[in-house]
Amino acid sequence: MSATAIYTSPSNKQTKALLLGSGELGKEVTIELMRLGVYVIACDRYDNAPAMLVANDKAVIDMRDEEQLTALINKVKPDYVIPEIEAISTKTLIKLESQGVHVVPSAKAADITMNRESIRTLAAEELSLPTSPYFFASTLDEIKENIHNVGLPCIIKPVMSSSGKGQSTVKHEDDIEKAWEYACSAGRGGINRVIVEGMVKFDREITLLTVSAVDGIHFCEAIGHRQEKGDYRESWQPEVLHDETLLECKRIASSVVKALGGYGLFGVELFICGDKVVFSELSPRPHDTGMVTMISQDLSEFALHVRALLGLPVGKITFMGPSASAALLVEGNGHDLCFDNIKDALASEHSTQLRIFGKPEVVGERRMGVALCRAPSVKEALEGAIKVRDTISVEIK
């Protein structure tokens, strides 16, 4: 049998994938894996996470704990270990990979991209790619001593976090201490270290989904998006770019992806500044702004990720037309949730879809679903997705 053969019979060597992180993105990856007959074990720090609702099996552990993570992998003996979140002991993955465990796209990619210091150093210092001015700091005094190097306003982020957690915009020196404390309290990994970035005067911010597969590097149509508090609210596709600008985006994306190695889909975030392109961040997995591909392409970002990580060719990616996504955020506290007005929300002249993630509770503010729309133009698609989202009512008890 070939290396990419999939075994589905429990009596033989069943092809298994262990998903580390079982949120809404992991749920879609699980569905795509199961469509190809792969047995999926969904793991997260809490029970009944979205991917667990559709997986073959589940596990609840602290994925930052080396002993727990090692024990789970040795017990499951997966053919593929798929990191889907940042809160993982990547040093453990590197150790296990050296012993023959197959980490997707690679343990190196998971380790470097989980830490903003590592990925920025790779991009700016090793690959000489254009980035915002920056420095790293481990104390409040370090920030105050070096902030003149990037100027004000600037952005302070934990080196380890996601979805805007711990991120602050500092406009005045009086804001520095508060931003430092917030970064330390909201960052992951127990590391009190931040990146301080100078503000980039950009016209647009895009995500270029980049797929590294056995048949080469592939790109999806560029995705535009709007962020609020460091987290995505809406995204749309395509974000039209000049030919030369798009070529530069692809050059930067492919440079980082090739340096990280391995097969899979990478979400590459870039700033468009006039005719210049500046590297921002990268995730070695499907991207939240890329949820729009569930309605815009014949192969969503999740299907592309699975094809690539299984060592299968991607072939042609067919773009279906202008599309948009709108994140459904719910605010409150409780675990008894009711989503209503769905009938009215989906009553549209355009193609619309809705995904309710199935997260078990809300504490504060949480992304609980996404609205999707495809229409004759990006403007109409964005308006349609927002209308679907805003029509949904959510009751929390």
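Helices (H or I, at least four residues) and strands (E, at least two) are DSSP runs, numbered from the N terminus. The model is predicted, so that local features require pLDDT of at least 70 and side-chain atom pairs count only at pLDDT 80 or more, while totals for chains, interfaces and linings use all residues. Residues are numbered from 1 along each chain as its sequence is written, and side-chain values rest on heavy atoms, with hydrogens and water left out.

1. Most residues other than glycine have a negative phi, and most peptide bonds are trans. Asn-48, in the loop between strand 2 (39-44) and strand 3 (57-60), has a positive phi of about 60° although it is not a glycine. Its relative accessibility of 37% makes Asn-48 partly exposed; here buried means under 20% relative accessible area, exposed over 50%, and partly exposed in between (1.4 Å probe, protein chains only). Lys-77 is likewise not a glycine and has a positive phi of about 55°. Lys-77 belongs to the loop between helix 2 (66-76) and strand 4 (80-83), and at 62% relative accessibility it counts as exposed.

2. Cis peptide bonds. The bond from Val-104 to Pro-105 is cis, with omega near -10°. Pro-105 sits in the loop between helix 3 (90-97) and helix 4 (107-114). The bond from Leu-152 to Pro-153 is also cis, with omega near 0°, and Pro-153 is in the loop between helix 6 (140-146) and strand 6.

3. Helix 1. Does the span of helix 1 agree or disagree with its number of residues? The expected span of a helix is 1.5 Å times one less than its number of residues. For the 12 residues of helix 1 (residues 24-35) this should give 16 Å, and the end C-alpha atoms are 17 Å apart, which agrees. The helix is mostly covered, with nine of its 12 residues buried. Among the buried residues are Glu-24, Lys-27, Glu-28 and Glu-32, together with Leu-25 and Leu-33. Just after helix 1, Gly-37 takes a positive phi of about 85°.

4. Salt bridges between separate elements. A salt bridge is a side-chain nitrogen of Lys or Arg within 4 Å of a carboxyl oxygen of Asp or Glu. The structure holds 25 of these salt bridges. In one of them, the side chains of Lys-157 and Glu-197 meet at 2.9 Å, N to O. Lys-157 lies in strand 6 (residues 154-158) and Glu-197 in strand 8 (residues 194-198), so this pair ties together parts that are 40 residues apart in sequence. Lys-157 is buried, with a relative accessible area of 8%, and Glu-197 is buried, with a relative accessible area of 5%. Glu-234 forms a salt bridge with Arg-389, their closest N and O atoms being 2.8 Å apart. Since Glu-234 is in strand 12 (residues 231-237) and Arg-389 in helix 12 (residues 378-391), the pair ties together parts that are 155 residues apart in sequence. Both Glu-234 and Arg-389 are buried.

5. Lys-379 and Glu-383 form a salt bridge in which the closest N and O atoms are 2.7 Å apart. Both residues lie in helix 12, four residues apart, about one turn of the helix. An α-helix has 3.6 residues a turn, so residues three or four places apart point the same way. Lys-379 counts as exposed at 59% relative accessibility, and Glu-383 as partly exposed at 45%.

6. A salt-bridge network. Which residues are linked in a network of salt bridges? They are Glu-24, Asp-231, Asp-288, Lys-359 and Arg-367. Glu-24 is also one of the buried residues of helix 1.

7. Val-60. This residue is found in strand 3 and is partly exposed, with a relative accessible area of 43%. Val-60 and Gly-21 are 39 residues apart in sequence and 10.0 Å apart in space, C-alpha to C-alpha.

8. Glu-395. The place of Glu-395 is in strand 19 (residues 393-396), and Glu-395 is partly exposed, with a relative accessible area of 46%.
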